[in-house]
Amino acid sequence: MASDDGPDWRERQRRAVSAHAAADERRRAAEQAEAAELVARFVAEAVRRGLPTTRLTARSYDGRSRYRTALRGWYVDRVRSRAVDTDGRFHLLTVPGGLRARLFGADPQPSPPPLVVGAGGRDGESIPLEVLLARRLDGGGS
């Protein structure tokens, strides 16, 4: 009878963990590529429809302050915490804030768009990115 705690077992476990991690990374990359395509289509359609852009602002992590940014684009949710800029990049518009941001503005960096916005959040509210972007194109969520 073979031992379950020998070197062969540990090697099989290591390979299994590695294979799961690689599969998870491939799944995540595919989801990010799909979401990026949705965002690119949103921008093309927004431009085609003449949907006006706006100067985007960012909110401090605590939610008490808003800061100017150099970004132009479209807010895609009602609380104005997520937006797509005119270059087709997705932004979470929350920043550390502080005096520097107040004086010179904030510089929120783009992030990979999620396929499901709000998934895993504490409030339990989530919405597919495709639905959120469609609502914005139809005049909601501005």
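Which residues touch the most other members in the largest nonpolar core? I opened the predicted model to find out.

**Cores.** The largest nonpolar core has 17 residues, and Phe42, Ala46, Trp74, Val76, Val84, Leu129 and Leu133 touch the most other members. I then checked the helices. α1 (7-49) and α3 (129-137) each supply at least two residues of this core. α1 gives the most, with six residues. Another core lies apart from it; I counted 10 residues there, including Tyr67, Leu93, Val95 and Ala101.

**Second largest pocket.** I noted a volume of about 150 Å³. Its lining consists of Leu38, Arg41, Phe42, Glu45, Glu130, Leu133, Ala134 and Leu137. Here too, α1 and α3 each supply at least two residues. I sorted the lining by class: five nonpolar, three charged, no polar. Phe42 and Leu133 are on this list, and both are among the core residues that touch the most other members.

**Salt bridges.** I found 14 in the structure. I looked up three in α1.

Arg14 pairs with Glu11 at 2.5 Å, N to O. They sit three residues apart in α1, so about one helical turn separates them. Arg14 is partly exposed at 47% relative accessible area, and Glu11 is partly exposed at 28%.

Arg28 meets Glu25 at 3.7 Å, N to O. This pair is also three residues apart in α1. Arg28 is partly exposed at 35%, as is Glu25 at 45%.

Arg27 bridges to Glu31, with the closest N and O atoms 3.1 Å apart. These two are four residues apart in α1, so again about one helical turn separates them. I followed the shared partners: Asp24, Glu25, Arg27, Arg28 and Glu31 form one network.

Notes: Residues are numbered from 1 along each chain as its sequence is written. This is a predicted model: local features need pLDDT of at least 70, side-chain atom pairs count only at pLDDT 80 or more; totals for chains, interfaces and linings use all residues. Side-chain values use heavy atoms; hydrogens and water are left out. A nonpolar core is a set of buried Ala, Val, Leu, Ile, Met, Phe, Trp, Tyr and Cys residues joined through side-chain atoms within 4.5 Å. Buried means under 20% relative accessible area, exposed over 50%, partly exposed in between (1.4 Å probe, protein chains only). On a 1 Å grid over the protein atoms alone, a cavity is a set of points where a 1.4 Å probe fits but cannot get out, and a pocket is an open set with protein on both sides within 12 Å along at least five of seven lines; lining residues have an atom within 4 Å of a point. Grid points are joined across faces, edges and corners, and a volume is the space filled by probe spheres set on the points. Ala, Val, Leu, Ile, Met, Phe, Trp, Tyr, Cys and Pro count as nonpolar, Asp, Glu, Lys and Arg as charged, and the others, Gly among them, as polar. A salt bridge is a side-chain nitrogen of Lys or Arg within 4 Å of a carboxyl oxygen of Asp or Glu.
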